[in-house]
Amino acid sequence: MEGVWESDIRILMLEDDPDDVLLTQGILSKSGISYTMRIIDTEGELKAEDLHEYDLVLCDYNLKDYDGLRSVQYIREVTDIPIIVVSGSISEEMGVGLLEAGANEFVKRTCLNVLPQVVRKALYHHSLKERYEACAKKHDETSQMFDTLFDSLENPVFIKDTDGRYKRVNAAFCRLYERSEAELIGKSDDELNWMHKSEQFIRDDRHILDKGVSSHYELNYLNEKGERVCLEVTKSPIFTDGKISGILGQVRDITRRKNAIATMEKSQYVLYQTEELTRAGSFEYDVDLDLVTCSKNLMRMLGLHSSQISLGRLVRLIKKEDRDMFLDGINNSIETKREYRMEHRFMLNEKNHGYFEILFRPDYRDDTGNTFYGIIVDITKESTESISRLEYYEESKNEIARELHDNLGQKLNAASMYLGKMEPCDSCTPLVSKATDILQEGIADLGRLVTGISVKHIDDISLQYALEKLTLCLPEEMNLNFECNIDESAISKFVKRQVFRVVQEAVNNAVKYSQAKNLDITLNHDGGILSMTIEDDGNGFDIMSATKGNGLINITHRVKKSNGLINIDSRRGEGTRVMVKMPVA
C-alpha cells in the first residue's frame, strides 16, 4: 500500500490535548507519511468545517464537551471519508458502537505506533471503495443506456440463454408476435408454438451455440390471416469469459420491401415486354447529375453496356449530322420545360444507322424541374420504307417527265414546225395562226409541267438552278427575294430533292391561296445543318384548322423523313412563314 497517494494526505484531527497532538504528528512523520493537518477540539469547530476537503479524520474519543461517538455520527452523516478513533482506553462494547456509527478503525494510545499502518489501510480500503462505487455507477449507467437502447430499437431484438429460452425481448419483438414480455420470458420457441416453423429457429440456435458463429437468413411463412410474411433474422453468439453464454438476435419484418421489390420486378418485366413489342426503350435524365438512366431494352437497342451514361454519351450515339439538332431540341426542352419530339438517326455500328423517334418531356411531379423522361422508338423499318417510297415516287415522276418531254413534247414541237411551213391563204391563215398560238401555249404548259414533276435539273445541274427555274413560274405581279448560300457538294441527293419539294409546295400555296405581293425564299448552309425560310405577306390561315391539308402534310412528311425540324407560323391577314432545319446528309 506504499506510494498509493501522490500528494499530502489532508487530515482533520479532533484533539484537545496538545501533547497527544505532538505525539501523533511525530509518529506519522517518522513513518514517512506526507500529510497536512488541521487540529480542532470543539463541536462548533467540527460543524463549521467543510469535511469534503479532507481525506481522513483522526478523532479522540474523550473531548472536553464532545465525545467521539457523537463526532463519528455527525461526520458519517456528512461524508464517507475514513474515521480513525484514538483513545486511551476503550471497551469492546464501545468499539462495536463506534464501528456501527461509521468509524473505520480505533487505536489505543498504548499502541499508537500502529497508527501509520492503520491510516494506510483505512485510506487504501476507502480508495477501493471509491473505485468500486465508480465502477458500479458506470456499470449502472451503461446498463441503463443498454436498456434504453435495447427497448427503443425499432427492429425486434431478443436475448436467449444456452437452453434457447428467451431472457429478454424489446417492445418491438412483443409487437411483432403480439405477445407480452411476461408471455415470452423463460419460454423456448418450441413452447411458444410460433406460426412460422420453430424447428428452423431451434436448429439455427444449436448451430450458433455449437460453432460460435453468426447466422443470417430469411424466413417466410403465412400468418393467421393467410398473408405472406417475410422476416430477416440475424443471430450472433454472446461470449462471457471466452465461453458462449447466450444468443443475441434481431428480426426485421421485410414483407413490405419484398412485396415492393416483387411488384417493381413485375412492373419492369411488363415494361420490358411492352418496350420489346413496341420496339421502344425508355430513359430518365437528371439534369443536375447529367445522368441518363436507361431501361434494359434501350440498352439492347443502342448496344450499351451500362444502364447509366451521360447525355454526351447518348449524343455520340446519334449520327454526326443530327447531333446539333438533337442537342438544340433537348436544351430547349430543358429550358422551356416543354415536350420535344423528333426523328433522329442513331449509329448501329461504324457504318450503318437506324431511324429512331424520340419523345423527351419533363417530369411534372418533380418540383425542381430537373428530371426528364424520354422514349426512343425504333422506326427504322417504317422510315426506310417511307424513304424508299419517296425515292420511287421521284423516280416515277422523273420517268413521266422524260416521257412527256421526249414523246409528247417532240410531237408538239414537230406540229408547230409543220404549221409554220404552211403556205398562207386567205381562208386558212386565221385558223393556222390560232392553232399555232394554242400549240405554243400547250408547249409552254408542258414545259412547266415537266419542270414541276421532275427533279432532273437538281440531279443534272444543281438545286439552286432548279429553284431559280421554279420561281420563273411566279406571277409577274409578285415580288421575289431569293437568296441561296449553300454548298451543294456537302448535301445528299435525297435531301436536295426534299428541299426542292418543300419549296415547291410552299410556293404553290403562296401563289394559289395567299394573294401575296411579296415572297422571300432564303437557304443557308451552316456546318451540317441546312436552314430554309419561305415567307409571304398574303392572307395567312389558321394553323389548327389547316393542319389536315395535303400541302402541309406533304411538307411536314418530307421534312421529317429528312430528320429535320419544321415550324409553320401563320395568322389570318398576317402572312405565312415556313422555317425548316435539316441535316445535309
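Which residues is Ser-333 in contact with, leaving aside its neighbours within four places in sequence? They are Arg-338, Glu-339, Tyr-340, Phe-360 and Phe-372, where contact means heavy atoms within 4.5 Å. Ser-333 is found in helix α13 (residues 323–336). Helices (H or I, at least four residues) and strands (E, at least two) are DSSP runs, numbered from the N terminus.

This is a predicted model, in which local features need pLDDT of at least 70 and side-chain atom pairs count only at pLDDT 80 or more, whereas totals for chains, interfaces and linings use all residues. Residues are numbered from 1 along each chain as its sequence is written, and side-chain values use heavy atoms, with hydrogens and water left out.

**Accessibility**

Buried means under 20% relative accessible area, exposed over 50%, and partly exposed in between (1.4 Å probe, protein chains only).

| Residue | Relative accessibility | Class |
|---|---|---|
| Ser-333 | 1% | buried |
| Cys-294 | 8% | buried |
| Gly-97 | 24% | partly exposed |
| Cys-111 | 37% | partly exposed |

Gly-97 belongs to helix α4 (residues 92–101). Gly-97 and Leu-69 are separated by 28 residues in sequence and by 7.7 Å in space, C-alpha to C-alpha. A disulfide is a covalent bond between the sulfur atoms of two cysteines. In a search of the whole structure, zero disulfides are found, the criterion being a pair of cysteine sulfur atoms within 2.5 Å.

**The nonpolar cores**

A nonpolar core is a set of buried Ala, Val, Leu, Ile, Met, Phe, Trp, Tyr and Cys residues joined through side-chain atoms within 4.5 Å. The largest one has 33 residues, and those with the most contacts inside it include Leu-463, Val-503 and Ile-534. Among the elements that give two or more residues to this core are α17 (463–471), α18 (493–514) and α20 (550–561). The largest share, eight residues, comes from α18. Apart from this core lies another, of 28 residues, among them Phe-283, Met-301, Leu-302 and Phe-346.

Two strands pair if DSSP finds at least two bridges between them. β20 and β21 run antiparallel and are joined by six bridges, and Ile-568 stands opposite Val-578 in β21.

Strand β6 (residues 157–160) pairs with β7 over three bridges, and Lys-160 has Tyr-166 as its bridge partner in β7.

Strands β1 (residues 9–14) and β2 (residues 35–40) run parallel and are joined by six bridges. With helix α1 (residues 18–30), they make a right-handed β-α-β unit. Right-handed means that, with the strands pointing away from the viewer, the path from the first strand over the helix to the second runs clockwise.
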